[in-house]
Each structure stands twice: as structure tokens, then as C-alpha cells.
Amino acid sequence: MSNVTDAAAGTSTPASGEDSAEAAKAGSGPVLAADGRPLKQTLRRTLRREKMRALALIAPLLLFVVITFIVPILSMLFRSVENQIVQNTMPGTVQAIQSWDEQGTEPPGEEVFVRLYFDLFKASEAKRHTQVGNRLNYEQPGLSSMFRGTGRDLDDMGEEFQDVFEEIDPAFEEAAFWYELLSGEGGEALLEERRELLAAMNKEEMDGDVGFVPSAQMADILPWTTMAYTDFAIWTAIEDQDVVSGEEPWEAVYAGLGQDLRNPGTVAAIEDYSGPWSTTLRAAAENRDQLPQQGFREMFVASDEDWDSVDAWRTIALYSPPITAGYFLNSVDMTKTVDGIESRPETQQIYLTLFQRTLIMSLIITGSCILLGYPVAWLLANLPLRTANVLMILVLLPFWTSLLVRTSAWKVLLQQQGVINEILVWLGFVDDANRLVLMNNATGTIIAMTHILLPFMILPLYSVMKTIPPSYLRAAKSLGATNWTAFWRVYFPQSVPGIGAGSILVFILAIGYYITPEIVGGTSGVFISNRIAYHISSSLNWGLAAALGSILLIVVLALYWLYDRIVGIDNVKLGG
Amino acid sequence: MKLTTTLMTSTALTVAAGVASAQEMANDMTLVSWGGAYQASQQNAYSEPYMEMHPEVSIVWDESSNEAVAKLRAMNEAGNITWDLVDVVASDAMRLCDEGLAMEIDHDEALEPAPDGTDASDDFGDLIVSDCFIPQIVYSTTFGYRTDMVPEGAEAPNDICDVWDTETYPGKRSLEKRPINNMEWALLCDGVAKDEVYDVLATDEGQQRALDKLDEIKDDVIWWSAGADTPQLLADGEVFMGSTYNGRLFSAIEEQDQPIAMMWDAQVFDLDGWIVPTGLPEDRLARVMDFLRFATDTQRLADQAKYISYGPARESSAPLVGEHAELGIEMAPHMPTDPDNAANTFLYNYEFWADYRDDIDAKFQAWLAQ
């Protein structure tokens, strides 16, 4: 960009230069351009226009980088703290659990389980309950099957109520009965509230005409029933595209009526009620002792006894806020408990070890790349062009070969029955029974990765060395320097920018490598990236993978800053 | 449940309508599988005969099954499902079903009954471990060993605990770099009864016990992560014995003539099959369901066993298993389900691993890194 503006300024100055000379002769007022405006202003405008043009030129690239690079990275980073799924899927439960004592020894009471039933029922209709189960299972094993298994029993729990109601009055089987009973006016607010909750759970808009408005009167008399039916209506109309009045309601609606009838106030209100179907309702209220007597808590515990476990509920409570530090704590071998943040048990600590190992081994690889690459680059830069070109091809050839092929080739070379060991045994350097273990450990990773990353060191070194005139060395020697002094005092300092550039390239590439360590690294030669890959593709714990990735990114940025402070980033040259 | 039934019926209706008029079916299909000999067997047994019947159809294969779960999730988030039918192992099918990424299937409606009229769901029986899963093959993870490396005077290994017996059988072992199967084998050899393995493994002490047992041979183990690793390590003589999928060992032994033999003891059965991603447009769904009905019928499943030594998932296919298409050897004795091979088998517990996978894996990896 600076070139463009310089050029623009350059072209516009000569003309105005004469003008200003004349203006200076006139000897008064600001310097004017040819059109009479102050020269300063004209210049500034020209510059701004050139800048805008330059910006327009790079705009497509900028936009491309933002859309394809920065936005995905930010959204991935956000996953490392995001935890909306629990709250979105079980909003009622999360709210009800606030008043539960996490430190206590008792699981939550019936009111939480009632909420849980209606939350989970609608979640299981949307097939979201298993996702919450999987999310919570990352924190405590067993929760995944608890949610999945109970999800299958939710219908049965509702059917226990349904059967009794249908026995009391066959009208309860009719889709039309429920629609006529519960629809009315005044319940728009409830409808919108439930719509929003469903949309949050389903992660998509639930807009559209439901064809049902809950009656405000019924919402007062039968709150649970109306709420469950409203959920059902929205789901049926928007998601299934069916007509609400023609569909038999969810089992949860029957369970809702059962739950309502447990409230003496409701029974009294039904006595006073005189709207449509009042006789049917009254019959249900009068025969309420035929309904299942067990509470929802008992039903859940019967479905899976872990619902009675305080630990399971603590996990749910701990991971109910929409933002969590849990993934980051996990990435540094810590964990969240009701008593605060604690270290994980020693048998589960792994990430700090891996971070440390990744950094140390990447440094070793960078170091060995410098040692091996420097002489090669020097040769390339100082040999006659023809020989240098041949050597250059030798450097580039592996660079063009597939990474997997090169790594597999190292496997053939390094294994215990491999080429290197065979030669050593044949030469008698190594005993046949004690062949060297060169791979499936850190050694394997270092050897293979040094080879793979070597071109990234050689090429910047070469391009820098190419610019160092050979006459400097000759001059130093003619002034009496020994070979070593000439190299160390004259040549080497000039090649440092190349080392800097190569080191940054190699180190940053090495830190993110995972294919090579996976193949030749065994257990002691794998990097943190291997665990990130595992959590992305295998365990599907993307939150943890994002947290590990974020930490890696921060570490790299910190090292870059440190490098800038010590070596200076201006001192890095990628070419000429 | 009412809603599910409605969904099912509408799916079935779509399928029925699709069968009735071929115009509504898409002609391009992307199938996802594992590559290699396994995918070749599917091409030979399923897709080529299907394309002969429907010359207008073109099928593209994608070899991404081992990262299918992650990729399907990414596709779902991007709102662009490019796959039509995906071959996954049963545990992945369960997870995809849990995540809502795979479609629930009414097996009786969508699949062909057995030739004697038995419903598909009865013909597959217990192998339908998830509502979204259409079983295809039974494979097993088992051990192979170098016959020429068995020490003189020693019997060939025939017991899972021979893996731990490094005195009688020196040499390295190759085991998969994940806890599944290894933990079970370790407990079995530590004296836990077969039907109590998962109860023990559910406790912290049991997990530690399994790791302690594995610790005995930790220095002698090369850990593999790709199914092709163990056959290669055996062929190179790097290891004396190693675990892998039985079909891989079959091809090393019979097709490549390596001095390797099978040790079927305590082989762990697992399943592989199809899932249909959710959210396919109707014309593509109709085509997939049509293909699926064809590719999972009794004869097609039996045909696949001509090319690879994995047992067909339908009970009615077993009697139809014949000879290898090229080698001409009887395939039945090479099937993991053959009575001689299945004398002592171990059944993988999907529920257990769905729950404990993350927890035990963390401990296993921490133990490996020590």
C-alpha cells in the first residue's frame, strides 16, 4: 500500500511543485494548488483517494480472509466456553434447581423432577435429550445412558395417566376434546414464551401460525396441562406441519393433567369451572384417586436409579450456566466441583504433560533443523549455480512428496527389523538381540519431523545467504581473520535473519503436527495436537478440543511476542 | 409413540412412492465406507449389481467412515449434507442416532424380509442395536501371531492370556491405542469372570486393575491406530502377535500368504452397518432407501462374504455363504461366527462404552503417557 501512495504523491507533486514555487514568490497566504485550493488539502485528498483505491483492491482478499479464516477461528474459540445446551434443553429444570442445596446430601425434590419430566419429554420429541446426556457425560460417566434410557420411558410414564383418564371418560381419547378444552383467548403471552423456549432448544426459528391460542382461564386452572399442550401444539403445527385440532396430544399432556389434579386448589377450581367439557373435567377430578400415586421422582428413579444420585445432580447443576470454564479447566488437568476448582486425580492428568512435551520437542526439532540445514544452505548459496541447482532439487524433492509417504518411509527405515537396524547388525555395531528402538517413541518423532520440516529451514536460510556477498569473507580474511573468526564475526551475523525466519516457520509448523507423531511417535512421542484431533473426530468433545486449541494458540502468540522482544521481528527475512 | 409412528409411516410412504415412480428418485448417490478390501467387497456385492439394474444411477464412494461422526456433525452444522448413506461401526451409529444426525429406520418397512417371509427385524435380531442402524456384517477384533516365531517346544498360543505370557512367547505385541477391548482382555486375564467384566470395569478400582494388568506388558507393546498396522507389523516380523480386525488377518494369511495364524480366543464381536443421515431431500432419500432395500437383502449380504471374511448380519444369509470369489476356498471356516472359531467369544457392550468411553479413555491416555 505504501508503494501506491508514494507513487501517487510522486506523480502529483511536480505539477503542484511549480505552483507552490509561484505562490511562494507571491509571498502570502497558504500554498495553493492549480485549482486554487490549498495544496495541503489537495494532497491529502489525493492520498486518501489512493488509499481508498488500494483498500478496494485488497477488499476481496480481506473479506475472504475474514470470512474463511477469522470468523471460523473465532467461532471455534467460542465453543471452548459455550455451554448453552443444558439451559436450552432443560430450562425449567435449570431454573428449579437453583433453590437446591448442592452441598447437601439429598437429591432435589419432587418439584425439580416435575420440571425435568416436561423438559425432557419435549426434548425427546426433538431428539435433543441425548445431546444433553452426551454433554454431561463428558463430566461424569453414566449420564449419557441415564438420559438415553429415561428418554425411552417418558412415554410410558405419561401413558400411566392416559390410561386412567381414558377409563374415566372416553372423551380423553379425542383430539378435539383437548383442543376445545384448552384453546381460547388471552394466552398469547404463554404461547410466545413457549415458542421461544422451543426455538432455543431446537436451535431454529419456530415462526408461523400455530392455529391454537391457549385459554388464559385454563392456564390458571390447569397450568401444567396447558403448558404441555401448548408445547405440543407449537411442535405439531410448526415442526410436523399438522393441524393441531386433529392430532392426539403427547402423553405429557395427560401427565400434566395428572400433576394438576394433585393440587387441591386445582380440584376446587374445577368445581367452580363451568366452561366446555366441565363435566368431563369434574369426573376426572372426582376419580383422581385412581391416578398413579407415585411422584415423578419415583418414576425417574424406577427408570434409572442414578436419578437419585447426588453426584449426577451436582454435575447437572454445575454445568447448567450458559458459559462455562469447565473445558479450559479440563485442558489444564483441573476440574470443577461443588467445593470449587480442584486438580484432577493423578491417574487422569495428561494435558499439561502433553503441552510441555509438545513445546520441548518442537524446540528440539527446530534446533536439529538449524544444525542440519545451515551447512546445506551454505553449500547451496556458495556452490556454482549448476551444482547448486541440482542440490536444490534434492532439497525440494521430498518437499513435493506426500507427507504420508515420507512418514511411512521413515517407518520402514526405523523399525526394529528395518533398514537402519539391519545395517547396524550386519556391520556388527549392534547386537541382534538388542536392536535399537528408533521409533514408536520420541526419537522417532524427532527424526521424522526434522526431515519433513528441513526444507522450511533451508529455503529461508538459502535466500538470506544468497544476498551475503562472498567478498565480505575474503575481505575479513585479507585483514587477517582466521577462517573461524571470518565466519563467526562476519558471515554468521548476516545470516541470523534467515535462522530467525526458518526457526519461526519450523517451530510453528511443528507445534501443530499430528499425523507424523501419530504414525511414528508411539506413546511418548505424541503431541497435544493428537489429543485435539482425537476430541474433534473421535470423542466429539469439540468444546474441549477448542479449549486445547485456544491454549495452544495463546502459547504460540506468547512465544512470538517473546521472540520479538529478544530477537526482534524486523530481524527476520524470508527472502532477499 | 404416535409422533414417531406418523414419521415412520410418512417415511415409508415416501419410500413406497419412490419405488412406484422412478422419476422422483435422484440419480446420484454418495456412499461412505472404509476403503480397501472392505469397500471393494461392497462394490462387488451391492453397488455394481444395483447399477446394472439401474443404469441411470451413478454412485460415488467416499472413504471417510473413520471420521464419519465428526464430518456428519460438521455437515449438519453447515446445513449441507452431501452424503447419502454411511457405513459406520455400531457404536458410532448409536452416537449419530443420539445426536440426531442419523435417521430412525423402521426396519420391517424399509428392508426386505427374509426369503422365508421372516420380518427383517427378526432376521437381524439383536444386531439392531440402535433405531438408526442397519446391520451389515459381524466382524471381530482378535489376535494373529507369527507361526515361525513360536518358540521351539512351545505350543502355538491359543489362549488370550498368552498375550501376557512374555516368557513363553517372547517378542512384541501390537494392541490398539485405545482402551476398548484391551481393558476387557486385561481383566479376563486377571481372573475376572466373563459376565462380570463390565461390572468391574465400571468401578475406579476395576479400571486401575485393568491398567495394572496392561502395565505388565507395556514395554512389549507397539500401539496401533489403523487397522492395517498389525498385519504390516506381523508381516515385517516386528511383533510376535497383535490384535486387529479378523478380515485384515484373513487377507494377510490367505491372500498374501504370510506365515501368520489366527488365535480366535476371546475374540470381540462388533457390528458394522449403514446409517442414513437426517435431512436428505426427498428425491435423494427415495433413492437411498431403494438402494438400501436391495443392498441389505439376504442374497446381497451373503454375496459380500465371497470377498471378505466378515459374517453377514442376517440369520438367513448364513447358509448362503459360499466360496471366495478369487481364491475359491470355502469362506465359512474363516467367518468369526463359525462354531470352531466362536468357542470363546466376548460381546462388546455398547451401552457401557457409550457411558465410560470419555472417562476411561482419559485414564488410558494418561497411563500411556506416563
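This is a predicted model: local features need pLDDT of at least 70, side-chain atom pairs count only at pLDDT 80 or more; totals for chains, interfaces and linings use all residues.
Chain A is built from 27 helices and two strands, and its radius of gyration is 37 Å, well over the 25 Å that the globule rule gives for 576 residues, so the chain is more spread out than a compact globule. Taken along the principal axes, the C-alpha atoms of chain A fill a box of roughly 115 × 95 × 40 Å. If we look at contacts in chain A between residues at least 6 apart in sequence, 71% of them join residues at least 24 apart.

How is chain A divided into domains? The assignment gives domain 1 as residues 2–79, domain 2 as 91–324 and domain 3 as 354–571, and the C-alpha centres of domain 1 and domain 3 of chain A lie 43 Å apart.

A word on confidence, before we go further into the detail. The mean pLDDT of chain A is 89, with 94% of its residues reaching 70 or more, but among the elements of this chain helix H1, residues 2–26, has the lowest mean, 45, whereas H18(A) has the highest, 95. Over residues 1–21 of chain A the pLDDT stays under 50, and for that stretch the model has 22 contacts beyond four places in sequence.

Let me now stay with helix H18 of chain A, residues 351–382, and with one of its residues, Ile365(A). Is Ile365(A) buried or exposed? It counts as buried, because it has 27 C-beta neighbours inside 10 Å, where 20 or more are needed. Leaving aside residues up to four places away in sequence, Ile365(A) touches Ile446(A), Met449(A), Thr450(A), Leu453(A), Val506(A) and Ala510(A). The C-alpha atoms of Ile365(A) and Ile511(A) are separated by 10.0 Å, although these two residues are 146 apart along the chain.

Leu453(A) brings us to the cores. In soluble globular proteins, nonpolar side chains tend to be buried together. Here the largest nonpolar core has 158 residues, and those touching the most other members are Leu453(A), Ala93(B), Leu96(B) and Ile275(B). Helix H22 of chain A, residues 442–465, supplies the largest share of this core, with 15 residues. Apart from it lies another core, of 61 residues, among them Tyr117(A), Leu154(A), Leu198(A) and Phe212(A). As for Ala93(B), its contacts, again not counting residues up to four places away, include Val88(B), Phe133(B) and Ile275(B).

Turning to chain B, we have domain 1, residues 2–132 + 276–329, and domain 2, residues 139–270 + 339–369, with C-alpha centres 30 Å apart. Where they meet, 12 residues of domain 1 of chain B are in contact with 11 residues of domain 2 of chain B. On the domain 1 side, the elements giving two or more residues are helix H2 (36–53) and helix H4 (90–98) of chain B, and H4(B) gives the most, with three residues. By class, that side of domain 1 divides into 10 nonpolar residues, two polar and no charged.

Finally, the contact between the chains takes 32 residues from chain A and 30 residues from chain B. On the chain A side, the elements that give two or more residues are helix H6 (129–137), helix H7 (143–168), H18 and helix H26 (528–537). That side of chain A has six nonpolar, 20 polar and six charged residues.

Definitions and conventions: Residues are numbered from 1 along each chain as its sequence is written. Chains are lettered from A and ligands numbered from 1 in the order in which they are written. Domain bounds come from an automatic or database domain assignment. A nonpolar core is a set of buried Ala, Val, Leu, Ile, Met, Phe, Trp, Tyr and Cys residues joined through C-beta atoms within 7 Å. A residue is buried if 20 or more other C-beta atoms lie within 10 Å of its own, exposed if 12 or fewer, and partly exposed in between; C-beta atoms are placed from the backbone. Helices (H or I, at least four residues) and strands (E, at least two) are DSSP runs, numbered from the N terminus. Two residues are in contact if their C-beta atoms, placed from the backbone, lie within 7 Å. pLDDT is the predictor's confidence in each residue, from 0 to 100. Ala, Val, Leu, Ile, Met, Phe, Trp, Tyr, Cys and Pro count as nonpolar, Asp, Glu, Lys and Arg as charged, and the others, Gly among them, as polar. The radius of gyration is taken over C-alpha atoms; the globule rule is 2.2 Å times the number of residues to the power 0.38.
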